[in-house]
Structure formats: structure tokens, C-alpha cells
Amino acid sequence: MNPLFPISSSGSLFPVCEDVQESKGTTSHEARLDWLENKSFPGIQSNVQSLQERKEHIILKRKAGESPDDTEPDDTEPDDTETKGMLRWKKRKKKKKHKHKKNKKKDHMIEVPRTPSPVGAKSKLSETQRNKVFIEELAFLEPEDAFRIDRKSNIHNWKYESLYKGHIAAFTQTFKSGLGGGHQSKENKHKSKDKTKRYFSRENRKVSSQAPSSHFLPSKDNHGFQSDIIPVPSEVIECSSREKCDQDIRQQLMDKSTSHYIKGIGVETVDKDVSLTETEYRRNKKTAEFNRRTREEPHNTDLWLEFVEFQDSLLRFPESEGHFKISKAAVQEKKIAIMKKAMEVNQGNIVLKLKYLQLCQGAMESDQVNKEMEDLIFHNPANVALWRQYLLFNQSRLASFSVSRMCKLYQKCITTLVKYQEGRLKTHTLPVNLSHDLVGIFVELCTFLKQAGHKEKAMAAFQALIELNLCCPERLRSAELSDKIIILESFWDSGVQRFGEEGAKGWSFWMDNKESLHAESESSGKEPSLDDEEQTILERGSEKWETWLQIETLRESAHWLPWKPDLSAGETMDDCEDVDKLVLFDDISQFLFCLPEDLCLKLLYEFLNFLGFENCQQGKCVQDTKRLYHIFNSFGMEDFKKPCPVAEQRFLHTFIGNVIQQGLLNFQGVFQTELTALWLRYQTRNEINEKTDIKKFKKIARNVLKDSMNRNRKAVWMEYSNLLFSLGDQNGATEVLEMAIPMLCVNTDDGKECVPAFYRALVEILLKFPVDTNIFQFNKNSISVSSESVSRSIHVLICLCENRHSDLKNPESTSSVTRLKSRKKMEELLNLLLQDYKEESERSREEYGYLLDITRCCALYEYAFSDLNLDSALCVLNKVQSFLFNLSILNTDDDSCSVNKNLDHCLEQIFRYKIKIIHHHMSVHHSSLTPLRTTVEAALEVFPNHVYFLTVFLEIERGCMVFGRLDRFYGHHLGRVKSPDLTVFAVASLIQRQVHRMTIISDESDESVTHFGSGVMHKIRSYLERSLELPELQHCSFLWSLYLYCEANFGQSERASGLYYRSLQQCPWAKSLYMDGVKIFKNSKLEEITDLILEKEIRLQIPLEEIDILQS
């Protein structure tokens, strides 16, 4: 029987290959291993080695910068098929350039040509035949044509150096990572990868808040090396060994806690919970410190209030509080619990009780809170802060609000405090600045009436109070308030012109000349008619809501003064058509009180602010909407609020001039000087804010200076030169100063504080300093300052040091030695002043102004002496700045508020002057923007809501087109600064930035873009919400109007409708919010809004029924 697999006689496993001749030199050992070789594939190893050598040769050529074509030519040339394949591969490479980044690695692989095929080698298999596997399936295929050309490279051919599949080890790679790395199974290969979290995500912010601050800082001792042990200094070892030798053996055996226990000493153990994050640990440690301090100082009111404010940190970092977000209600409950505990320890503390009631406004019923406040007022009727919070709380309750009710509450407040002022009530201690507080409450009342639409009543109240205090007859100065009011009523009902009106002579003059003034009153003018303008509005054919809005705004702008009967025509009070325009004396008599002379000037300034006079320097009010409108409109958003009509601007301009002129007749001394300077500032303004006529202004100013009372007043001359310089007449300002210095600075005993100011102003003009009003307009053209101007500036300052006031025009008389002596003298003078102010800081504003002018002159001298070197001037200013800052810190605990205000004002002026001198240096030399940015940022750290510094900071960042610093500043200070100015700046700058982007996009794509992106609106909402959460800003009607404007124009109208009702809950007295609601809802809720206006007794100029009649 024949075997299934016969073996040849030679013993070969493959008898087909028996004809292969073996080499003669083969050993017996090699012969025994022949069966391990497959001789069907001769020459495979040599082919693989040649391919590998060719690849390495091409790589070396490429690194040497030579072309791979310079390689040694092969004996065999590639055929056309191979060339076409290479061309197709290059084309395919070009087509793949637009694909994903992932495929770009293939394009940069080294091009290695394939092994050339034999000449004429071409596969004869068709497309359908190439799927066959066995040769028996192709009957007509010749054996020599039974091959295929593999166009797809196999990477294993290079890895294992073999072309035969059987020579390659077949295994599956389960893990892709190396040894010791993380294992990733093959079954997870096709699963979708988790999306990488960005750095600002909630998870990553949680990680950054958990990490301690030491992880983010490099170690000073560890220079990149890590050690398993912490070395102990040799001194500590020696000290510890010495102590152990002195101690008893039993003490050495005990640990530290046992030793302290035996001695009776408690040990403070700080066990840090591992589960707590670093932020939570710091917060818990701070809370424990507050608890300890409140136990040790239970009667420290400021400490309890600081503990309450600290709870807001839970809302700033919600990610660090576990895995949930803490609600505002939970934080509010925590604050209330702290205040309850504080009130238990401090019985009868009004400050804590007020804070408690303020926190309970959202948790308790409003009636209950109101009852608690009334009970507090009953027991503390002389507390002004309590009265103000009580009035504001009732003013912001929409359910029970009405104008008449609020007037009664203001009347009750003023009459109660007036009784304590006159001494009729002595049950409680009289407040220190009661008259000053009365003026503040009166201004709040008039602002409330103005915003509610009752401008006639507010104007009448101001006129009556000024007539009572400023124009009171001499024989009634010592009379009782009730007697003065009775006599003033006869003056009010006489129909003569009142304070501020054209031709008004005052109450005092009327008492002596009743008959002549009565004849003049009969020829008094009437208000201009609005019929023509209203007819123009009706002819436009607009919708009902738009027509009502335009006529309502027109009448409101025209009706400022209360209606008076025309006695020449025989009119009486009964002839008044609109009862709301008629203001009786009984309506305002309960708001009147007496004031000292210094507060009369403050009252006059408040009246000018009420009328919208911007150049009047007074304290800022949260409800000063005109100032906030001016800030917002400075960004170019005129559509937010249309400007006042020309008729109203002319009326207010004339009325303001009358107020200043009539006030000058009733003041003497320093107060008259201040009003004279204010009158000169008023003359630089026009009725419709056009360019001022310099010749006309010079004529008026010279007439003022010709007056004997103003001829020797240094403040008036100084104001005149500053106004000329601001109007662009530098030569005229120089002439005024050169004439005023020899004439006014000779007598140094009288008004020596103003002398350095004259020299400082003259030097600034010579060095071509920028005007303060144009500080934000950075000049692109450089300014050239000649050496003659620098030398003359040094000579002027030397004249200040040596008191040579009449030698200003002779710079040749100054030698180099004199310059050095004057420099030393001015430095000593500044150091002496700083030493005196350090010993006694309670000084007047004029004395601090003198220190400011000496500092400026010293900085200018260093600047000019060093040939316009900025560092020399900044060195002087930084020295005084640090001195004032440290002085203000030392006076923080003092009760003198005036000293702190003077220090803050002085520090503010130092910052302003640093910005001014840096701006000038940048105009003269090409210098870096870093000093200016650093100064502005330092100023904003101290004064974060200052309009001047905010404007400069915004202008710098806007010019750089990088808004990261700006956004970080807004994000840090918003919600903490209790002023609406910063919020208005933040929102307006963001809107202006986005509108500019939308304009660019519209111009490039020829498509109008009208809506903001969601990210910008989210940021605007965040800014406004954070500000409106503050108790000091949540009743600011302007911020609510701004919120409605942004939501209606750039956001979602649905949110605007809900936001409108929120605004009414906080500011139900603001008529502007009701008119904004008409713009949002239009005709759909016009009747509902007007009914609500009438229900709350807000002034309505034209009812809807009249609109229907006019349109019909």
C-alpha cells in the first residue's frame, strides 16, 4: 500500500525541489537543517535588504538638502505604469489638502518609490476577475499571467523584512499603551471619546478653587529637585539635644500633647478635613475667626455688619460648596440669623435693626416691615438714617404707593426734624448735622416730585425755600419760622416774580416796594403756546401710542414753572385749566425750614443741579438721572433718550443764569467769590451747546473783573485764565496770568494758597500741556516744545521760590547756580509741608489745595530741569501720593468725616495730575503706554467709580482693541461699588463695542445685523443684575430704564415685558418707566398703563380721551 505522503529517497520533505543543487561545502550540521528552509522563494532576503538600503539612502539625501533624483541610477527604468501611478499619487495628495487635520500626517510622509516592476509587467486580470481566489476558477488564464500588482503598500513588509505572509507572526494587539501605562482595551477603540473640558468650565473652575495657592507658586528652596526627607537645620538639632539633656527622662518620653495636658496648657488643634477644598477650608477658617471675634467683641457693630457681608462669598464661588449651588435665599436666611444674634447682644442698636429690616424685606410681609419701622421711628424720631430708609421703603411699595401719601410722609419727617432743630422737642439727642440732613431730605423730596412728573411743585418748593432763607428781610431774621411762613404766603400769593424768574427782585425787596412790583407783575410774560408743535405731531398720522408719547414728552418739557394768574387780565386761581399746574402755598409750606448762611449756598448749588447745570461741583446722587444720561450718551447712543427740545434748553439756560445772578446779590465774601467763578463758567455755555464766542466771553469777564469787589480776588482771576485756556486761547490766558501775578501775588499774607496755582498754570501753558476737557482725545500729532519754553518755565518757577513776582519776562537773569539752589529750596519746602501735615492732618480744603499746588510746581520743576524727563516728575508725585494714602489710612478710624473727604480729594487730584503729565510726555516723546495704564489702574483701585479715571481707562483699552483688562475690572468691582456710574460705563462700553463689530460685519457681508449674540446679552444682564442686587442701587430708575432698553433693542422682547413689571416693583414713582412700558407694549397695554399712572397720582399731561378727540 502506497503512503499518502511518499518521501523521496533523499529524505526531503518537498520532492519537487530535489533538483536544486546543494553547494559542495555544506557541513553535516547544515544539511540536517535544510528541511527548515522553504526553497520555493529564493532571493527574498536580498530583495528586502536592497529596498531597505534604498530607503535609507533617500532619507540621507533629503537631510543633506540634495534632491532624491541624484541617487544612483538603476539598471532598470520604471515603466509607464509605474510613472502613471506616481503621478496619480501626487494628484491624490493635492486633493486631500482640504481634509481634516487628522489626515495631514499622510501628506508629509517621505515619498519612497516602489520597486520597479519588470519591463512590460502588466496584469491581465479584469476588474471582475480580480475577486477570484483560486486559479482553477479562471480556466483561460495562462500560468505566466497568474499574478496581480499590489498597489496598496503593506506596512508589515517593512516591519518584518519579508514579503511572505507566512513569515509574519499573526497576533492581536490588545493594549496600545506601553508597559506601566494605563490600559486601554481594544473593545473601547471605537467608542466616542469624552469631550475635553475648557479651562472656564465648571469642573475646571472647581479644580482651581480646590487647589491651594502654594500649588500655583514655585518653591524657592526646591530648585527642581525632590527629596524623600526634609532636612532639619543643625541649629535646631543642637538646640533640641541641649533641651533634652536638661529635661527629665519622663518628659522626654511624653509627646507634646501629653506634656501640655500635665502642665494644664490647652493646645489649639487644627484638624484640616481632607474632604474639604482649599476654598472651603479658608472660608471655614474665616468664619471661625468671625465667631471668635464676635464672642470677644459682642458690641462691635461694624464687626457684625462685616460678618453679614462676608456671607456673599458663598455666592461668588458656588462651585467650591460641594456639588450643588447655594441659593440666594439660603444665604439671606443665614444673614438674618446672624443679625438676630447680633440684636440679642446689642439691644436697642438702630444700625443693626435697620440692617435686619433691610434683609427682611424679601422674607417678611411688607406690612409687618412697615410696622416695625414705624415703631422704631416712634422711639427714635430724631434719627435721620431711620427716616430715610422708612421713606424709601414706602416709596418703593407698588401696592400702597401714591404721590399724595408720600408727600404726607415727607411732610411728617420734615416737620418732626424741624421741631428738634428749633428746640421745641428735646426728648432725644440732637443730631450733629441736622440742618445739613434736612437739606438732603428736601432735595430727595424734590427729586421724587420731578421723577413723578410734578416738576411745577418741585420748582415751587425750591423757590419758596430759597426766598425764605436767602431773600428774607432783615427785620424778620430773628423771627420764628411760623411767623416767617405767614408773611411769605402774602408774597407768594401776590403774583410777583419769584426767585429765578425774569425780573425777580426777591421777598426782601417786595416788602419795601410792594406797589412798584405789583405794577411790574401785571406785565409778566406767559408760557409759549404748543399748539403748532402738537398739530405737527398729529399731522404725521402715527399710531395712537406714538402720538400720545410725543405730545406727553412735549408738554412735560415745556411745563416747569407753576401756573400764576394774570392780574392785568383779571384772572384768578379758578381760571386755571390744568389743576396740576397750580401750586398753592399750602402745598409746600410744610416743607419749609430755616438754614444758616453756609448751607444757603449749598441749597443754591442743589437747585442748580436740579436744573441740570453740569459745571456745578456738588455731591453725586444715585437718582441724578441727567448726569447718568450724559455719561451714557457720551458713548454715541443717542437713540436711548432723545435730547431735550431746543425750547426747553433755552428756558433752562436763561433760568440758570437768573438763579446765579440773583444769588450774587444775596451773598458776601467767600461765597460771592465762588458764585462769581460759577458765573464765569456759566458764560462758557450756550443755549444749545454751540461753540462759545471768545470775544463775547472776554467782554463779560472783563466787566466782572472791573468790579471793585472782584478786582483783587485771586480765585476769579484764576478761573478766568483757566477758562480761556480751555477755550483754546493760550495767548490770552498767558497775558492774564502775567498781568495777575505781579498785581495779586505781592501780598502773601492774604490768599497765599492761590499763589502757586498762578505759577503752575503759567508753566503748563508754556509747556503746552493738554486741556483737562480734552484729556481723552489722545493726539496723534506730536507736540514740539522748544528749549526756550523749557528755560522760561524754569525761570518762572525760580521766581516763585525767590518771590520775584515782577521778573517773569527776564529768563536771562537766571544762572545755573540759581537753578540748583531753587531746586533744593523747593524740595525742602515740600518736605516741610509733608512733615507739618503729618503732625496735624485736620486742615481745610484750601490748605490741602496749597499742598497740591506746591507738589505740582515741584514736579514741573523736576520735569523741566531734567529736560522733560518723566521719571523725575513721577518721583515727586509718587512720594506725595504714598504720603496721602498712608495719612488717609491713619485717619480711617477717626470720626472726622471732613478730614477724610479732603484727603480723598487731594489724592484724587494727585492721580489726575499724574495722568495729565504722562499724557503730555506721550505727546512730546514717543514713549510706552505702560506708565499711563499703571497710573490709571492704581487710581481705579482707590476710586473705582470715578468718571474721569473710567473714561481714560476705557480710552486706553479701546485704542489697544484688547478688552481683557476692562472685562476683568468690571467683573471684579461690579456688585461691590455702590454707585451707578460704573454700571453705566460697563454696559455702555459693551454695547458700543458690539455695535462697532456689527457695523463691520454688515459692511463686509452687505447684510444688516440687528441683534447681539447670546454671550454679549448674557454679560449685559450679568452686569445689571449684579448692580441691581445692591440695596443702594435697586431703586435707581435709570438702571432699570437702561436694562429695558438693552433687552428691548438687543435681547428678547418676552424678557423685556417681564422685566418691566420688576422695575415697577422697585421704582413705582418713576414716570420714565411707565413711558418705557408704552414703547415696549405699544397699543396693547396703553390704556392699562395710563390707568396705572392715574391710580398712583403720577402727573399725566394729556389723557387718552384727548388723543382720541384730536385724532378724530
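Of the 1112 residues in the protein chain, 41% are buried. This is a predicted model, and its chain holds 48 helices and zero strands. Among the contacts with a separation of 6 or more, 66% join residues 24 or more positions apart. Here is a friendly tour of the ion pairs, rings and loops.

- A count over the structure gives 38 salt bridges.
- Glutamate 738 and arginine 792 form one of them, with 2.3 Å from N to O. Because glutamate 738 belongs to helix H32 (residues 730-744) and arginine 792 to helix H34, this pair ties together parts that are 54 residues apart in sequence. Glutamate 738 is buried because its relative accessible area is 15%, whereas arginine 792, at 24%, is partly exposed.
- Aspartate 853 and arginine 760 also meet in a salt bridge, at 3.6 Å from N to O. Here the link runs between distant parts of the chain, from helix H36 (aspartate 853) to helix H33 (arginine 760), 93 residues apart. Aspartate 853 and arginine 760 are both buried.
- Which residues form a network of salt bridges? The linked residues are Arg760, Glu764, Asp853, Arg856 and Lys916.
- The side chains of arginine 823 and glutamate 862 make a salt bridge of 3.0 Å, N to O. Arginine 823 sits in helix H35 and glutamate 862 in helix H36, so parts of the chain 39 residues apart in sequence are tied together. Arginine 823 is partly exposed, at 30% relative accessibility, while glutamate 862 is buried, at 10%.

- Arginine 498 lies in the loop that runs from helix H20 (481-493) to helix H21 (507-512).
- A polar atom of the arginine 498 side chain does lie 3.2 Å from the backbone oxygen of tryptophan 492.
- Beyond its neighbours within four places in sequence, arginine 498 is in contact with Gln463, Glu467, Trp492, Ala504, Pro562, Lys564 and Gln662.

**Aromatic pairs and charges over rings**

- The whole structure contains 33 aromatic pairs.
- Tyrosine 837 and tyrosine 848 pair edge-to-face, with 5.4 Å between centres and 70 degrees between planes. The two tyrosines are eleven residues apart, with tyrosine 837 in helix H35 and tyrosine 848 in helix H36 (residues 845-865). Both tyrosine 837 and tyrosine 848 are buried.
- Tyrosine 1061 and phenylalanine 1081 make a tilted pair, 6.1 Å centre to centre with 40 degrees between the planes. Tyrosine 1061 is part of helix H45 (residues 1053-1066) and phenylalanine 1081 part of helix H46 (residues 1071-1081), so the pair ties together parts 20 residues apart in sequence. Tyrosine 1061 is partly exposed, at 35%, but phenylalanine 1081 is buried, at 13%.
- Phe442, Phe462, Phe593, Phe607, Phe610, Phe651 and Phe655 are joined by ring pairs into a cluster.
- Elsewhere, arginine 993 lies over the face of phenylalanine 963, 4.0 Å from the ring centre.

- Is helix H46 largely enclosed or largely open? Eight of its eleven residues are buried, so H46 is largely enclosed by the rest of the structure.
- Its buried residues are Lys1071, Leu1073, Tyr1074, Met1075, Asp1076, Gly1077, Val1078 and Phe1081.
- The elements covering them include helix H18 (434-451), helix H24 (544-558), helix H44 (1037-1050), H45 and helix H47 (1086-1095).
- Lysine 1082 follows H46 and has a positive phi, near 60 degrees.

**Positive phi in two loops**

- Lysine 768, in the loop between helix H33 (755-766) and helix H34 (787-802), is a residue other than glycine with a positive phi, near 60 degrees. Lysine 768 is partly exposed, with a relative accessible area of 41%.
- Asparagine 803, in the loop between H34 and helix H35 (816-839), also has a positive phi near 60 degrees. With 52% relative accessibility, asparagine 803 counts as exposed.

Key:
Residues are numbered from 1 along each chain as its sequence is written. This is a predicted model: local features need pLDDT of at least 70, side-chain atom pairs count only at pLDDT 80 or more; totals for chains, interfaces and linings use all residues. Side-chain values use heavy atoms; hydrogens and water are left out. Helices (H or I, at least four residues) and strands (E, at least two) are DSSP runs, numbered from the N terminus. Buried means under 20% relative accessible area, exposed over 50%, partly exposed in between (1.4 Å probe, protein chains only). A polar contact is a pair of N or O atoms within 3.5 Å; within protein, one must be able to donate a hydrogen and the other to accept it, and residues adjacent in sequence count only if both atoms are side-chain atoms. Contact means heavy atoms within 4.5 Å. Rings of Phe, Tyr and Trp (its six-membered ring) pair if their centres lie within 6.5 Å; planes under 30 degrees apart count as stacked, over 60 as edge-to-face and the rest as tilted. A charge sits over a ring if NZ of Lys or CZ of Arg is within 6 Å of the ring centre and within 35 degrees of the ring normal. A salt bridge is a side-chain nitrogen of Lys or Arg within 4 Å of a carboxyl oxygen of Asp or Glu.
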